[in-house]
Amino acid sequence: MTHMNSPRLLALLAHLQSHPERSGAELADRLGVTVRTVRRDVDRLRELGYPVLAERGTAGYRLGSGAAMPPLLLDDEEAVAMVVGLRTAASVSGIEEASQRALAKVKQVLPARLRHRVRTLHGATVRAGVEPGPTVSADTLMIIAEACRRREVLRMDHTGALGGTTERRVEPHSLVSFGNRWYLVAFDPDRDDWRAFRVDRLTPRTSGGPRFTPREPPHGDPARFLSHRLSAQTWPHRAVVRLHEPADSVSGRLWPGMGVLEAVDPRSCLLHLGAETVQDLVWMITSVHTDFTLVEGPDGLADAFRAQAARCAAAVEP
């Protein structure tokens, strides 16, 4: 059995993984060896299962895709990033078990110095604010993703929020991971409108439906469309405020589902949002921590702002 215990082999693999294509002469120059040595080392990598392809006409090499997943060569930052990403992915519905298996394999081969960094980061980190999401199978996600890629009509059974299942026929555009749920953004030709479906409430019936011509989703982006759709749910009270800061500088202070930002000019933007009570609207708007002007809102919102201002002023009066 051949083992990849040569530092030169590791260096060669690192160059091939980090660059789409390298000539034999370039590799030889970087490794400080001859072109003949590069050819021998390439053969050894192939014996280990790495699909190193020779490029005709350029005397070069590149890594291709093989029948099996070969070992990966990661630097320290990449290895830690993979562990952190797998810990996060383990909370995504439908891939928990696979994420845990992959995480165990990566942790097993981490050098001691990296295991210490990962343990330190994990020990100081607490995941909060996201409850476990509903289960979605990886097979369902793959069926939908394939229909999106191939631009094929998807037939599915959809269960509404109030119960009751109906058969739907849609033109799938994108899968969107939002908070702790998966959504399918699709055009519904029977209703002549765009829709966002929770994936945990649907079951694909068939794949390989008729092809369709892709359409542009509202707002030009499926994630932005979903944000608008979720924020436009039937809240008892809704408001629009003009924030006196650019949208880019404000966006990081909004949590997912809080509302939708609309850029106006380099100095301001509009925030569309809804809440259960006018007092909740006051709290949400002031939590953005910027000057604002009320554009439209429900009865009582202006009085609620005045009452909040009076309470704050009274709290600091001598």
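Reader: Which residue in β5 does M156 stand opposite?
Author: In this predicted model, numbered from 1 along each chain as written, local features need pLDDT of at least 70, side-chain atom pairs need 80 or more, and totals for chains, interfaces and linings use all residues. Side-chain values rest on heavy atoms, without hydrogens or water. Strand β4 covers residues 154-159 and β5 covers 165-178 (strands are DSSP E runs of at least two residues, numbered from the N terminus). The residue in β5 opposite M156 is R168.

Reader: Over how many bridges do β4 and β5 pair?
Author: Two strands pair if DSSP finds at least two bridges between them. Strands β4 and β5 pair in the antiparallel sense, and the number of bridges is six.

Reader: Which strands stand at the edges of the sheet?
Author: The open sheet of five strands, with antiparallel pairing, has the order β7-β6-β5-β4-β8. Each edge strand has a single partner, so one side of it is left without a neighbour in the sheet. These strands are β7 (193-198) and β8 (202-206).

Reader: How much space lies in the largest cavity?
Author: The structure holds one cavity of 30 Å³ or more (a set of 1 Å grid points where a 1.4 Å probe fits but cannot get out). Its volume, the space filled by probe spheres set on the points, is about 40 Å³.

Reader: Which strand gives the largest share of the lining of this cavity?
Author: The lining, meaning residues with an atom within 4 Å of a point, includes E171, P172, H173, F187 and W194. The largest share is three residues, and these come from β5.

Conventions: Helices (H or I, at least four residues) and strands (E, at least two) are DSSP runs, numbered from the N terminus. On a 1 Å grid over the protein atoms alone, a cavity is a set of points where a 1.4 Å probe fits but cannot get out, and a pocket is an open set with protein on both sides within 12 Å along at least five of seven lines; lining residues have an atom within 4 Å of a point.
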